[in-house]
Amino acid sequence: MIVTRLNSCARTMSTKVAVLLSGCGVYDGTEVHESSAVLTHLSRQGALASCFAPDKDQMHVVDHTAGTEMSETRNVLKESARIARGKISALTELNVVDFDALIVPGGFGAAKNLSSFATQGVDMTVDLTVSDKIAAFHSAGKPIGLCCIAPVLAAKLIPGVELTVGSDQEGTDKWPYAGTAAAIDAMGGKHVVTDVSEAHVDSKNKVVTTAAFMCETDLHDIHDGVGAMVTEVLKLVT
């Protein structure tokens with residue numbers, strides 16, 4: 001018996017979503033599973049994704065087999081192109097009027113290449129182009145989705161925004177980065193506790209967040225949480 005399923009490529013992809021990447025690899029760039037989940041859920045729901053990344057050097061390069069810094073230089077855009085299968089543009093080329101929403105996957109690249117959160121904490125700065133694009137989406141009333149550590153970008157740029165990185169209870173193996181919740185509050189945001197498979201929606205600011213790999217859990221739980229975020233972002237597109 002041959003079973004045929006609706007091919008999402010045949011759908012009318014009228015909703016256009018910009019996906020902001022920060023390199024390739026959890027320790028110095030974009031978390032690969034998170035970005036793949038974002039792109040998969042957007043495709044499944046009939047949205048057209050376009051990838052962008054800053055054209056600049058990474059903060060540093062990490063050997064992912066050992067977790068140690070390497071003495072070489074890599075470019076954020078060129079590394080991000082690995083995830084996008086070469087179909088990517090420099091962030092400076094992103095025209096907000098051409099897109100309905102913005103999604104930023106996590107990975108330490110969001111805290112190292114898109115911002116300085118990894119080294120400066122609450123005193124972080126956000127890359128100027130990243131800041132300009134996020135501000136433009138927000139001022140245009142277009143939804144923004146962020147997962148894992150990426151919500152710190154919104155905490156710095158959007159006063160009073162409600163965000164989640166999952167738990168705020170430090171000292172547990174399941175939530176090793178729970179201290180980020182306090183940092184979000186300290187930067188003027190409002191942290192909301194959620195489970196890893198859930199997404200939080202700030203309807204006023206049109207910002208949707210999910211914990212993703214802020215939680216040590218099974219991969220399918222991460223995938224489900226990212227899917228919830230993508231679904232809610234698309235619901236907010238007007």
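This dialogue asks how the terms used for a predicted model follow from their definitions.

Student: What kind of model is this, and how are its residues numbered?

Tutor: It is a predicted model, in which local features need pLDDT of at least 70 and side-chain atom pairs count only at pLDDT 80 or more, while totals for chains, interfaces and linings use all residues. Residues are numbered from 1 along each chain as its sequence is written, and side-chain values use heavy atoms, with hydrogens and water left out.

Student: How do you know that E1 and E2 pair?

Tutor: Strands (E, at least two residues) and helices (H or I, at least four residues) are DSSP runs, numbered from the N terminus. Two strands pair if DSSP finds at least two bridges between them. Strand E1 (residues 16-20) and strand E2 (residues 48-53) are joined by five bridges, so they meet this rule. The two strands run parallel, and the partner of Lys-16 in E2 is Leu-48.

Student: Why are E5 and E10 called edge strands?

Tutor: Seven strands form an open sheet in the order E5-E2-E1-E6-E7-E11-E10, with mixed pairing. Strand E5 (88-90) and strand E10 (200-202) each pair on one side only, and they are therefore the edge strands.

Student: Which strands pair with E7, and in what sense?

Tutor: E6 is joined to E7 by three bridges, and these two strands run parallel. Val-104 stands opposite Leu-146 in E7. E7 also pairs in the parallel sense with strand E11 (residues 207-210), over four bridges. Here Ile-144 stands opposite Val-207, and Cys-147 has Thr-210 as its partner in E11.

Student: Where do the side chains of E7 and E11 point, and are they buried or exposed?

Tutor: In a regular strand the side chains alternate between the two faces of the sheet. From E7, Ile-144 and Leu-146 point one way, and Gly-145 and Cys-147 the other. Buried means under 20% relative accessible area, exposed over 50%, and partly exposed in between (1.4 Å probe, protein chains only).

Student: Why does Thr-180 count as buried?

Tutor: The relative accessibility of Thr-180 is 7%, and because the limit is under 20%, Thr-180 counts as buried. Thr-180 lies in helix H7 (residues 180-186). Contact means heavy atoms within 4.5 Å. Leaving aside neighbours within four places in sequence, Thr-180 is in contact with Phe-117, Ile-149, Val-152, Val-165 and Met-214.

Student: Why is the pair of Phe-52 and Phe-99 called edge-to-face?

Tutor: Rings of Phe, Tyr and Trp (its six-membered ring) pair if their centres lie within 6.5 Å; planes under 30 degrees apart count as stacked, over 60 as edge-to-face and the rest as tilted. The rings of Phe-52 and Phe-99 are 5.6 Å apart centre to centre, with 85 degrees between the planes, so the pair is edge-to-face. Phe-52 is in strand E2 and Phe-99 in the loop between E5 and E6, 47 residues apart. Both Phe-52 and Phe-99 are buried.

Student: How do you know that the span of H8 agrees with its number of residues?

Tutor: The expected span of a helix is 1.5 Å times one less than its number of residues. Helix H8 (residues 219-235) has 17 residues and should span 24 Å; its end C-alpha atoms are 25 Å apart, which agrees.

Student: Against which elements do the buried residues of H8 pack?

Tutor: They pack against E1, H1, E6, E7 and E11. Among the buried residues of H8 are Ile-222, Val-226, Met-229 and Val-233.

Student: What makes a set of residues a nonpolar core?

Tutor: The residues must be buried Ala, Val, Leu, Ile, Met, Phe, Trp, Tyr or Cys, joined through side-chain atoms within 4.5 Å. The largest such core has 71 residues, and those with the most contacts inside it are Leu-42 and Met-229. H8 gives the most to this core, with six residues.
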